[in-house]
Amino acid sequence: MSRAHAEVDVLIIGAGVVGTAIACRLGLLDATVAVIDRRHDVAEETSKSNSGITAAGWSLPAGGLEARLVCASSPRWEDICGRLGVPFRRCGTVVVARTRQEADKIPELVRNAEANGVDARALTAEQVVRAAPHATAQSAGGIEIPAEGVVDSIRLAISYGELAALNGVRFFFGEPLLDAINAGQQIVEVRTPGTVLRPRFVVNAAGLGADEVSGILGGEDFQITARRGEFLLMDREFGRRVPRILSMMPTERSHGIMVIPTAHGTCLLGPTADDIDNKSDRSTSRGVLQRILRECRTLMPEIDERYVIKSYAGLRPHSDPTYRIEPSATMRNLIQVAGIRSTGVSASPGIADYVLMLLQEAGLAAPPKTTAHHSLDGAPPLPGTPDRKQTAGMPFGRTVVCPCEKVTAEQIHRAMSSALPARSISGIAKRTHATWGSCQGAACLPGVAFIAARYLGGQPWQVPYGEPDSTLGVDGARHA
């Protein structure tokens with residue numbers, strides 16, 4: 001099979017929220033940029049199943065790179081999400097100390113927050129309930145962090161990618177890295193099944209696969225392992241009772257299980273943090289999910305499991321060191337962006353700026369693009385709100401296809417024809433939330449598939465659910 005050939009200034013490997021944020025930032029420059037990813041769409045792995053919290057950096061080691069990038073990103077969310085049409089709420093977090101021993105750690109954590117420039121306030125048990133009326137009245141105190149918020153992290157990655165594409169960044173999906181040709185300490189050629197790219201610089205933002213990518217490119221030898229986090233999703237009726245994030249006291253391992261309002265009105269319970277060997281094991285277990293309910297009820301006793309819509313698990317990368325954003329010591333034109341365990345979303349704007357600085361220090365000289373787009377026009381409305389636009393000549397544009405999420409035919413058409421269009425049922429869901437409501441697609445899947453087939457060809461039952469080899473089948477069920 002013949003391959004397409006292209007020369008690019010910067011090649012980014014990985015189209016998760018970090019890779020697309022970097023692409024979005026580089027798209028503002030007069031430079032040729034390309035992104036490759038082995039999956040069929042953006043945000044198909046770690047970025048597809050995280051908590052959506054925009055951390056403020058209050059608990060991170062003071063002065064470290066992770067804290068600096070998270071803290072630099074935190075004040076920017078209203079502007080970024082406003083320009084990209086991404087749902088965001090700065091709802092704040094209340095950290096609940098459940099024992100006297102946990103409460104003893106409050107002064108130290110507040111001092112750490114202050115060292116990172118984050119506003120944090122120690123609370124008594126009575127103040128915890130005033131700050132978060134849904135929280136338990138049986139706490140030993142807590143901490144309030146007003147700057148934290150929640151974002152639609154999948155829509156964020158997609159919008160980063162769409163703006164990048166509008167500014168000329170090329171995306172190559174279904175193109176896993178196969179091999180590379182090096183000359184001395186320089187990567188001169190990168191090959192995928194369908195493309196040969198000759199980059200001046202390469203950014204490894206491959207998430208769970210960053211260790212394998214580094215090895216292929218001739219970079220450092222390190223290991224990425226998977227940390228699985230299981231979640232329960234609660235519907236909007238319950239979500240209305242959760243105005244703020246409730247968190248356990250952090251440990252060296254994680255922030256523990258949380259009660260998290262989402263940016264579109266539902267609620268998440270979780271995540272767990274279990275290290276596993278299999279980087280593709282997203283299974284859930286009833287025992288773990290019951291543990292999530294028990295732990296969350298120590299934060300919010302009035303949790304009713306009848307409001308659970310679904311359970312799912314996400315995987316986040318873990319490595320030692322955990323935050324590797326640096327030039328490669330072995331390849332002069334390689335920037336490693338690896339081991340971004342829990343703050344990929346929260347730090348994504350800061351990471352993008354930092355990677356640009358590293359590229360410039362390595363020799364990338366590209367002035368700002370005078371014709372660059374800085375926002376997405378006609379960004380889709382928030383999930384759960386009807387779309388009042390209607391495309392000329394599209395008589396069913398305002399027809400509601402997904403009643404749970406109030407997604408119209410027009411929104412699905414726009415998802416299929418954007419600068420970075422959906423190419424599957426999953427891709428439509430990520431862009432519109434169709435099939436992701438209380439009925440999980442029971443009511444709307446035929447209509448979604450019918451519209452998708454108009455763009456992708458074939459019959460509605462042949463539309464891929466996710467990757468190209470996964471279809472719905474004539475029975476409407478998902479088939480691999």
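**Helix packing and its terms**

Author: The crossing of helices α7 and α11 is left-handed. Please bear in mind throughout that this is a predicted model.

Reader: What makes α7 and α11 roughly parallel to each other?

Author: Their axes cross at roughly 25° and come within 11 Å. Angles under 35 degrees count as roughly parallel, and α7 and α11 are therefore given that description. Helix α7 covers residues 153-166, and helix α11 covers residues 344-362.

Reader: Which residues of α7 and α11 meet?

Author: From α7 these are S153, L156 and Y160, and from α11 they are V345, S348 and P349.

Reader: Why are α1 and α7 also called roughly parallel?

Author: Helix α1, residues 17-26, packs against α7 at an angle of about 30°. Since the limit is under 35 degrees, α1 and α7 are therefore roughly parallel to each other. Their axes are 8 Å apart, and the crossing is left-handed. The contact involves V17, T20, A21, A23 and C24 of α1, together with L156, A157, Y160, G161, L163 and A164 of α7.

Reader: How do you know that L293 is buried?

Author: Its relative accessibility is 3%. Buried means under 20%, so L293 counts as buried. L293 lies in helix α10, residues 286-299. Leaving out residues up to four places away in sequence, L293 touches L232, L269, I303 and E305. Between L293 and I12 there are 39 Å from C-alpha to C-alpha, and the two are 281 residues apart in sequence.

Reader: What makes strand β2 largely enclosed by the rest of the structure?

Author: Strand β2 consists of residues 33-37, and five of the five are buried, so the strand is largely enclosed. V33, V35 and D37 point one way, while A34 and I36 point the other way, and all are buried.

Reader: How do you know that β1 and β2 pair?

Author: Pairing requires at least two bridges between the strands. Four bridges join β1, residues 4-13, to β2, and the two run parallel. In one of these, I13 has I36 of β2 as its bridge partner.

Reader: What makes β10 and β11 a hairpin?

Author: Strands β10 (residues 179-183) and β11 (residues 186-191) run antiparallel and are joined by five bridges, where at least two are needed for pairing. A183 stands opposite Q186 in β11. The hairpin has two residues between its strands, and G184 in the turn has a positive phi of about 65°.

Reader: Why is one side of β3 and of β4 left without a neighbour in the sheet?

Author: The sheet is open, with three strands in the order β3-β8-β4 and antiparallel pairing. β3 (53-54) and β4 (88-89) stand at the edges and each has a single partner strand, so one side of each is left without a neighbour in the sheet. β4 and β8, residues 149-151, pair over two bridges, and at least two are required. Here F88 stands opposite V151 in β8.

Reader: Which residues touch the most other members of the largest nonpolar core?

Author: Among its 60 residues, these are I12, I22, I325, V337 and I351. Helix α11 supplies the largest share of this core, nine residues. Apart from neighbours within four places in sequence, I325 is in contact with L65, L69, Q336, V337, I340, I351, Y354, V355 and L358.

How values were computed: Residues numbered from 1 in each chain as written. Predicted model: local features only at pLDDT ≥ 70, side-chain atom pairs only at ≥ 80, totals over all residues. Heavy atoms only, no water. Core = buried A, V, L, I, M, F, W, Y, C linked by side-chain atoms within 4.5 Å. Buried < 20%, exposed > 50% of the residue type's maximum accessible area, 1.4 Å probe, protein only. Contact = heavy atoms within 4.5 Å. Axes fitted to C-alpha atoms, helices over the stretch in contact; angles between N-to-C directions. Parallel < 35°, antiparallel > 145°, perpendicular 65-115°, else oblique. Left-handed = near helix turned anticlockwise from the far one by under 90°.
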